[in-house]
Amino acid sequence: MPARAEAIEDFAAALRALRRSVGNPPFREMSGRSGAISHTTLHEASKGNRLPSWETTVEFVKACGANPAVYRERWESANLAVRSADTGLEAFATDVAGGRTAHSATEWRGLRSAGGIASDVQPVPSAPGGRGRFPPTRPAALAVAAVGAATVVLVVVAVNRGSGTEGHSINLSESPSNSELSAADCPVRATNPPWSPPAHEGDSAKFIGDITLPDCTRVGPRRTVTKVWRLKNAGTVPWRGYSLHRLDLPQRIDQCQTVPDVPVMDTRPGETVDIRTDITTPRKPGLCYVRFKMMEGSGRVAFPGGRPLNFQVIVG
């Protein structure tokens with residue numbers, strides 16, 4: 001238990017130090033920079049209550065302008081410590097379920113307060129009437145019944161059987177890594193980010209369609225093709241100096257290569273615009289899943305509450 005808590009706190013301290021080094025930006029601002037994760041999840045990652053997932057870590061580090069690869073080894077080390085501790089706790093709970101160990105309610109509370117047993121994962125708030133972005137984990141319920149002459153004690157423990165991080169499986173809307181995707185995953189179904197107003201009141205965008213390369217189009221390796229999306233300015237704000245900014249930067253060799261920022265032609269309210277970018281596919285077969293967020297002229301995320309624009313092509 002001490003080793004688990006220490007690993008989580010040490011990693012959270014590293015994230016807090018990174019955030020301090022860039023002037024402690026508000027978590028809402030960091031969420032806007034990411035465009036793919038809520039401010040509450042970012043805040044939770046820095047508190048040290050539980051180890052954030054690697055996907056959350058990536059968005060946290062990128063929102064601070066740093067390279068996530070620098071933190072990969074440190075996260076893996078912390079994750080190993082957490083998983084080792086959780087394996088021991090699960091075996092312990094199994095012993096209790098089999099009646100081989102008796103523990104008082106005080107001892108159970110001590111285990112939970114130390115962070116050893118996860119009760120569940122709270123979903124990230126979404127738009128009013130919507131659902132949270134992360135579904136709860138599927139806990140293994142372990143019931144312990146100690147039956148005495150006049151007393152029955154029932155203890156239910158939810159043990160996280162996941163990675164020991166945030167308790168949710170990889171959310172494909174947040175994870176553009178090709179190493180986690182295959183052709184069988186196409187099309188990737190994106191979920192809505194937490195609700196947030198546009199950068200400019202009255203601004204709105206409507207996705208019209210994929211003009212080229214619809215989802216799951218097959219493209220040969222080491223090919224250069226052109227992706228075209230069509231959007232409509234559905235609000236009352238003219239788009240001047242807008243662009244699409246790629247989220248999964250820096251680009252890795254196993255990913256489709258694009259320019260990091262795709263310019264958007266000036267578009268008046270009610271008009272449509274075709275946005276195009278060249279894509280160079282990698283040598284290795286797989287699924288290229290790449291996301292972009294629209295940025296307004298001053299460099300802010302134009303629609304932090306909207307889904308990222310993406311392309312999905314099968315290489316090979």
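The following legends describe close-up views of a predicted model.

View 1. Ser-34 belongs to helix 2, which covers residues 27-34. With a relative accessibility of 4%, Ser-34 counts as buried, since the cut-off for that class is under 20%. When neighbours within four places in sequence are left aside, Ser-34 is in contact with Glu-59 and Leu-247.

**View 2. The tilted aromatic pair of Trp-54 and Trp-75.** Across the whole structure, a search finds 4 aromatic pairs. One of them is formed by Trp-54 and Trp-75. Their rings lie 5.8 Å apart, centre to centre, with 50° between the planes, and the pair is tilted. Distant parts of the chain are linked here: Trp-54 is in helix 4 (residues 54-63) and Trp-75 is in helix 5 (residues 69-97), 21 residues apart. Trp-54 counts as buried because its relative accessibility is 13%, and Trp-75 counts as buried because its relative accessibility is 6%.

**View 3. The stacked aromatic pair of Trp-239 and Tyr-242.** Trp-239 and Tyr-242 form a stacked pair, with 5.8 Å between the ring centres and 20° between the planes. Both Trp-239 and Tyr-242 are buried.

**View 4. An aromatic cluster.** Trp-229, Phe-292 and Phe-311 are joined into a cluster by ring pairs.

**View 5. Arginine charges over aromatic rings.** The charged end of Arg-19 sits over the ring of Phe-27, at 3.9 Å from the ring centre. The ring of Trp-54 has the charged end of Arg-72 over it, at 4.4 Å from the centre. Trp-54 is also the partner of Trp-75 in the tilted pair.

View 6. In general, the strands of a sheet pair through backbone hydrogen bonds, in either a parallel or an antiparallel manner.

**View 7. Pairing of strands 6 and 9.** Strand 6 (residues 243-246) and strand 9 (residues 286-295) run antiparallel and are joined by 4 bridges. Within strand 9, Met-295 is the bridge partner of Ser-243.

Key:
Residues numbered from 1 in each chain as written. Predicted model: local features only at pLDDT ≥ 70, side-chain atom pairs only at ≥ 80, totals over all residues. Heavy atoms only, no water. Helix = DSSP H or I, 4+ residues; strand = E, 2+ residues; numbered from the N terminus. Buried < 20%, exposed > 50% of the residue type's maximum accessible area, 1.4 Å probe, protein only. Contact = heavy atoms within 4.5 Å. Phe/Tyr/Trp six-rings, centres within 6.5 Å; stacked < 30°, edge-to-face > 60°. Lys NZ or Arg CZ within 6 Å of the ring centre and 35° of its normal. Pairing = 2+ DSSP bridges.
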